[in-house]
Amino acid sequence: MQAHVFTKMCVLWTNYIFLIACCSGLGFGFTNKCDEVRKVFQLRQIGPSQLLPLSPRPGSDLQVCTSKNLSCCTKKMEEKYQVAARRDIQNLLQTSSSSLKFLISRNVAAFQETFDVLIRQAENHTNVVLHESYRTMADQALGPVQELFTDIGLFLLGSELNVDDLVQRFFDSLFPLVYNHLINPGLSDISSGYAECVRLARRDVRPFGAAPSLLADQIARSGVSGKLLLQALHLGIEVINTTDHLQLSRECRRALLKMHYCPHCQGLTQAKPCMGYCLNVMRGCLASMAEIDAHWRDFVRSLEGLSARMQGTQDLEQVLLGVHTMLHDAVGHAQKNGPRLSAQVHKLCGPANRKPVQSVSIQHSSSRESLPLKTLIRPSGDSLAVRRRDFLNSLRLYRTYYGGLADQLCVSELASSDGLSCWNGTDIVKSYTLRVVGNGIKAQSDNPEVKVKGADPVINQIIDKLKHINQLLQGKSIPKLGSLDQIETGSGDTEGRYSGDCDDEDGCVGSGGGENRRKVSRVSKLIPDVAGDHRHHHHHHRYPPAEDSKLGGESRSHGLTGAIWALILPCLHMLLAL
């Protein structure tokens, strides 16, 4: 009898152990697995732990992470997982682009600093030359020289200045000084009224020969190249910012949830997606971004082409540091033609009207020792050419960035290594067996994981901007008013245009000859026929008598408009029934 009871108890315990083993054999060590899910859920700060069920449960209310097995997830958890999946991908996008973004941003700052140093150095050189060669007028020329280089700096930084205007205005201001001190010197300075008449006469008598037009042409050519380089780099940063904060479609968000966190619902917190599965999901989600690839490659090539053309008269460094030589020669040309110029001025303005001698007794006594005439010397490593070369050598490494981004994220961050078991969206398998599609919108029609409806309109806009800047960088297009400013800021005009489609009827140019507005594009007189645009046109003035000291003089418009996402209970019942 006792033996029979003992045998029955052994059978009961054997059945009990067998059932426990069967339950474990379903792939779910419930308590342990769900505890692990809870730990990960809290560690990654996905949501409050109260959202987790106390024990595995049927997942009939789940929309994406459905399974025939019991689940460690609730519907609220699924929603939190979807937010986390989107956040994870956006963080990955930003991390993957951070080195590229830093490269461009750092060089924008470096180029701007180099421009500033060049302008200050060029101004210093010019003042030194005037002081050494034309001492009598050097002090009075400081103001016009400073204004010239200030305007050049503002032009390079994006202000609405017309290069021809600012250069011609400089030579207008210079001529009375040259006339007063070098061509027709006297015991005292010419009167302000007579100086104004001489200033107005400059464009007709052309004392400096072709120098004003030549200097304006060279500054425009080289300045536009430098300015275009900066604006292209600003657009490069805008492209990266746009793709870093890509708005993911609903289908993509569900696919990311399924790939990243649905394994957690089955207690598989360490599972990684199969490579093919990951590629399908990421190529689907980033299909619009892959469309940037061809235009980004072209962008890098176009920057290289622009840099190659920035030589000679298009080399900003060479042009700026050569202003003093051109100015020296221009003044020398005026001196050489002094008698002719004196006669022409006499004919237009009358005999020289000078101030009384005593009124100028202190005018030239300013201390020249206080002037910053020490020549600035920069190491060759700071030159624009060296900076451009080093930058483009680094940028070239990123020319395929957008075409290979989905693959890079799967290979380096997301997918399981070859040969290891992996998650295929439903279960842990040895390999992914569905078709793997290619990159780009068209290839997604056969994607088994993500339905892609079409291109992202925001990505389409950034592609349009890239197309336009590439045309400019290649010298194939001359932008209309404001187009480069819109590319740089990403704002477009009031109607949202962003690719330079502004015309006269949109109010992009000044209307009416009587208006004294200088609505001149920051990028007017651009590539490639700058020379023709900057030809000097004679303006005939009505010259007042020399004694009229209050001359209106056309007002100088400076236009400085400027400038981121229940089974354990059945088992126990069965055991008790035994």
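Trainee: At what angle do the axes of H3 and helix H4 cross?

Mentor: The axes of H3 and helix H4 (residues 135-156) cross at roughly 165° and come within 9 Å. Axes are lines fitted to C-alpha atoms, for helices over the stretch in contact, and angles run from 0 to 180 degrees between N-to-C directions. One caution: this is a predicted model, where local features need pLDDT of at least 70, side-chain atom pairs count only at pLDDT 80 or more, and totals for chains, interfaces and linings use all residues. Residues are numbered from 1 along each chain as its sequence is written, and side-chain values use heavy atoms, with hydrogens and water left out.

Trainee: Why are H3 and H4 called roughly antiparallel?

Mentor: Angles over 145 degrees count as roughly antiparallel. The crossing is at roughly 165°, so H3 and H4 are roughly antiparallel to each other.

Trainee: Which residues meet there?

Mentor: Among them are Phe115, Ile119 and Ala122 in H3, and Leu142, Val145 and Phe149 in H4; contact means heavy atoms within 4.5 Å.

Trainee: What makes H6 mostly covered?

Mentor: Buried means under 20% relative accessible area (1.4 Å probe, protein chains only), and 12 of the 14 residues of H6 are buried. They include Gly193, Tyr194 and Val205. Helices H5 (163-183), H7 (211-244) and H15 (338-349) are among what covers them.

Trainee: How does the span of H6 compare with the expected one?

Mentor: The expected span is 1.5 Å times one less than the number of residues. Helix H6 (residues 192-205) reaches 19 Å from its first C-alpha to its last, close to the 20 Å expected. Just after H6, Arg206 takes a positive phi of about 50°.

Notes: Helix = DSSP H or I, 4+ residues; strand = E, 2+ residues; numbered from the N terminus. Buried < 20%, exposed > 50% of the residue type's maximum accessible area, 1.4 Å probe, protein only. Parallel < 35°, antiparallel > 145°, perpendicular 65-115°, else oblique.
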